[in-house]
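Colleague: I am new to this structure. Please show me how to read a few of its features.

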Amino acid sequence: MASAPDVLIVGGGVIGCAVAYELAGHGLRVRLLERGGLCSGASGANGALIWPQAMKRGIGLDLSLLNFHRFPTLGEELGTDIGYDRSGGMVAVTDDAQWTRMEEYVGVQREVGLPAELLDIAEARRREPALNPRLRGALYAEHGGQINPFRLTLGYARAARARGAVLTPGLEVTQLLRRGDGVVGARTPYGDIEAGHVVLAAGSWSPTLAATAGVRIPVVPRQGMMVVTEAAPFRIRHVLKPIKADADIWQFSQPWPPDGAGKPGYDPNLPPGKGMALGQTPGGNFLMGSTSRFVGLDLAPTADGVRYMLAHALQVVPALARVRVVRTWAGLRPYTPDGLPLLGRAPGVDGLILATGHDGGGVGNGPVSAQLVCSVITKCEPPMPLAPFDPARPGAS
């Protein structure tokens with residue numbers, strides 16, 4: 001009989017595979033279980049945007065910046081091409097009011113070490129000819145870019161296996177095993193697997209699994225729809241974003257919705273879509289999205305959501321009207337109330353480590369998050385303070 005692993009990881013997305021890689025590098029016996037294929041959940045259902053940004057300095061931005069500085073050399077470390085392309089990004093500015101807000105944003109970006117500049121429409125179109133000539137201009141951020149989430153996740157998986165980790169896709173965990181005050185393993189259709197520690201990295205499905213051990217974790221699935229087109233006869237040089245003309249105009253990265261479940265005015269069928277972005281693959285296909293809906297574990301996109309994304313994309317790049325849509329899908333982002341992931345020991349139970357709650361930032365924040373989780377188990381020095389990500393922190397629930 002095979003010996004029990006030191007650490008059992010539940011979830012084969014970028015977080016789970018990165019944690020397996022880091023732990024195996026410390027000589028631990030690691031086993032990872034994934035009910036589907038590796039990268040089959042949120043890690044493979046996003047736009048893979050790498051673009052740290054914030055209106056003020058905070059721990060969330062610090063996490064993004066640490067990850068941002070890892071990506072240029074991460075592929076070499078993993079021994080694979082992760083498809084990282086720091087192309088730069090542009091945010092479309094439609095009117096004078098938005099221009100004023102972007103002037104404020106540029107100042108803040110410089111303060112946190114992320115250069116940005118405002119361009120009038122003539123200069124913006126010189127750099128990005130596909131932009132709508134009716135725009136007021138654009139904000140240029142040199143740090144914007146994309147990554148291939150499948151190459152990143154599978155790169156971590158291969159590197160983890162090379163270090164001795166055992167990764168088993170296609171094996172579902174149906175229950176966490178609790179014995180007294182601790183979680184000691186997991187149940188599968190083919191038997192129980194015990195371990196010294198269990199790392200729960202199952203994204204939006206983490207709360208359901210945690211509940212089987214009597215543990216409540218504050219993660220809510222947030223559905224985001226995506227659209228991909230056929231290869232276009234033209235190319236864009238940057239990642240592009242529209243700004244939404246609403247009260248959260250400056251937060252063109254996805255804000256933590258003020259209309260979450262249980263709050264006045266909540267409507268699960270309205271897609272705020274404040275995280276909209278456009279990117280183009282090396283093959284020429286456009287990838288755009290996403291929306292934001294709180295509809296449980298529903299993975300079905302809606303016609304209204306797709307129309308919403310296309311309408312905003314056409315405001316930025318009118319030539320997309322000539323390109324056909326070939327596929328739509330939705331992914332589930334594990335949202336937390338304060339917008340920070342849960343990285344550390346689950347409150348009130350021994351043996352269970354949480355590695356979830358990244359919302360739409362799992363791909364962008366996976367490398368350093370995995371190092372933080374590893375430090376909890378191995379007691380090695382973390383790359384940044386752990387306390388802000390402690391699942392027992394105030395504001396996490």
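Modeller: Begin with Val199. In contact terms (heavy atoms within 4.5 Å), Val199 touches Val7, Leu8, Ile9, Val10, Val19, Ile353, Ala355, Val373 and Ile377, leaving out residues up to four places away in sequence. This is a predicted model, where local features need pLDDT of at least 70, side-chain atom pairs count only at pLDDT 80 or more, and totals for chains, interfaces and linings use all residues. Residues are numbered from 1 along each chain as its sequence is written, and side-chain values use heavy atoms, with hydrogens and water left out.

Colleague: Which residues touch the most other members of the largest nonpolar core?

Modeller: A nonpolar core is a set of buried Ala, Val, Leu, Ile, Met, Phe, Trp, Tyr and Cys residues joined through side-chain atoms within 4.5 Å. Buried means under 20% relative accessible area, exposed over 50%, and partly exposed in between, with a 1.4 Å probe and protein chains only. Here the largest core has 47 residues, and Ile9, Ile147, Leu152, Tyr156 and Val199 touch the most other members. Elements that each supply at least two residues include β1 (7-10), α5 (149-162), β19 and α8 (362-378); helices (H or I, at least four residues) and strands (E, at least two) are DSSP runs, numbered from the N terminus. The most comes from α1, with nine residues. Another core, of 29 residues, lies apart from this one and has Ala130, Val316, Leu320 and Ala330 among its residues.

Colleague: How do I read the side chains of a strand such as β19, and which way do they point?

Modeller: In a regular strand, side chains alternate between the two faces of the sheet. In β19, Leu352, Leu354 and Thr356 point one way, Ile353 and Ala355 the other, and all are buried. Because five of the five residues of β19 (residues 352-356) are buried, the strand is largely enclosed by the rest of the structure.

Colleague: Which strand runs parallel to β19?

Modeller: Two strands pair if DSSP finds at least two bridges between them. Strand β12 (residues 197-200) runs parallel to β19 and is joined to it by three bridges, with Val198 opposite Leu352. Strand β18 (residues 342-345) pairs with β19 in the antiparallel sense over four bridges, and Arg345 stands opposite Ile353. Six residues separate β18 and β19 in a hairpin, and Gly348 in the turn has a positive phi of about 80 degrees.

Colleague: Is Asn46 buried or exposed?

Modeller: Asn46 is buried, at a relative accessible area of 13%. Asn46 sits in the loop between β2 and β3 (49-50).
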